[in-house]
Amino acid sequence: MATIQNSLDNLMTADGALCAAVVDSASGMMLGAIGSGVDLEVAAAGNTEVMRAKLKTMRALGLNDSIEDILITLGKQYHLLRPMAQKEGVFIYFVLDKAKSNLALARRKLQEVEKDMNF
């Protein structure tokens, strides 16, 4: 099992990785962060709203399912949000340079890191 910082360090080894954070969706506060290119405090708070909105929509639709990840594709970046299965209310936010990354490999890396993180 890896700590938050070890997990974030591991994420940053992915091709095209720019920054990442572990976020408490109850407060929008970061529990850990690494990298640059995005104001992670603003992104953590904003993406908390994205996560809450999606969960609310799923409940309204009566979907009995869970979010694996949320992908936001920008012109130059990928933004991935992945709720932690073992820590309800916490998600990982991962930003990649679109030109330098492989989305499938990045999603796999994020899945592995999420599974191994312990705090």
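Let me start with what covers helix H2. Strand S1 (17-24), strand S2 (29-35), strand S3 (70-73), strand S4 (77-83) and strand S5 (90-97) are among the elements that cover the buried residues of H2. A caution before I go on: this is a predicted model.

Now the helix itself. H2 runs over residues 40-60, which makes 21 residues. At 1.5 Å a residue, the span should be 30 Å. The end C-alpha atoms are 30 Å apart, so expectation and model agree.

Which residues of H2 are buried? Leu40, Ala43, Ala44, Asn47, Thr48, Met51 and Met58. These residues cover an arc of only 140 degrees around the axis, so they sit on the same side of H2. Turn to the other side of H2, and Val42, Lys56 and Ala60 are exposed.

Next, the ends. Asp39 caps the N-terminal end of H2. One of its side-chain oxygens lies 3.2 Å from the backbone nitrogen of Glu41. Just after H2 comes Gly62, with a positive phi of about 70 degrees.

Is Gln77 buried or exposed? The cut-off for buried is under 20% relative accessible area. Gln77 has 17% relative accessibility, so it counts as buried. What does its side chain do? The side chain of Gln77 makes a polar contact with the side chain of His79, at 2.8 Å. Set aside neighbours within four places in sequence, and Gln77 is in contact with Leu18, Gly37, Val38, Ile72, Val95, Leu96 and Lys98.

Last topic: the cores. In soluble globular proteins, nonpolar side chains tend to be buried together. Here, the largest nonpolar core has 19 residues. Leu8, Leu11, Val22, Ile92, Phe94 and Met117 touch the most other members. Which elements give two or more residues to this core? Helix H1 (4-11), S1, S4, S5 and helix H3 (103-116). S5 gives the largest share, four residues.

Not counting residues up to four places away in sequence, Phe94 touches Leu11, Ala14, Ala17, Cys19, Ala20, Tyr78, His79, Leu80, Ala106 and Leu110. Note His79 in that list; His79 is also the polar partner of Gln77.

Ala44 brings us back to H2, where it is one of the buried residues.

Conventions. Residues are numbered from 1 along each chain as its sequence is written. This is a predicted model: local features need pLDDT of at least 70, side-chain atom pairs count only at pLDDT 80 or more; totals for chains, interfaces and linings use all residues. Side-chain values use heavy atoms; hydrogens and water are left out. The expected span of a helix is 1.5 Å times one less than its number of residues. Buried means under 20% relative accessible area, exposed over 50%, partly exposed in between (1.4 Å probe, protein chains only). The arc is that of the directions from the helix axis to the C-beta atoms. Contact means heavy atoms within 4.5 Å. A polar contact is a pair of N or O atoms within 3.5 Å; within protein, one must be able to donate a hydrogen and the other to accept it, and residues adjacent in sequence count only if both atoms are side-chain atoms. A nonpolar core is a set of buried Ala, Val, Leu, Ile, Met, Phe, Trp, Tyr and Cys residues joined through side-chain atoms within 4.5 Å.
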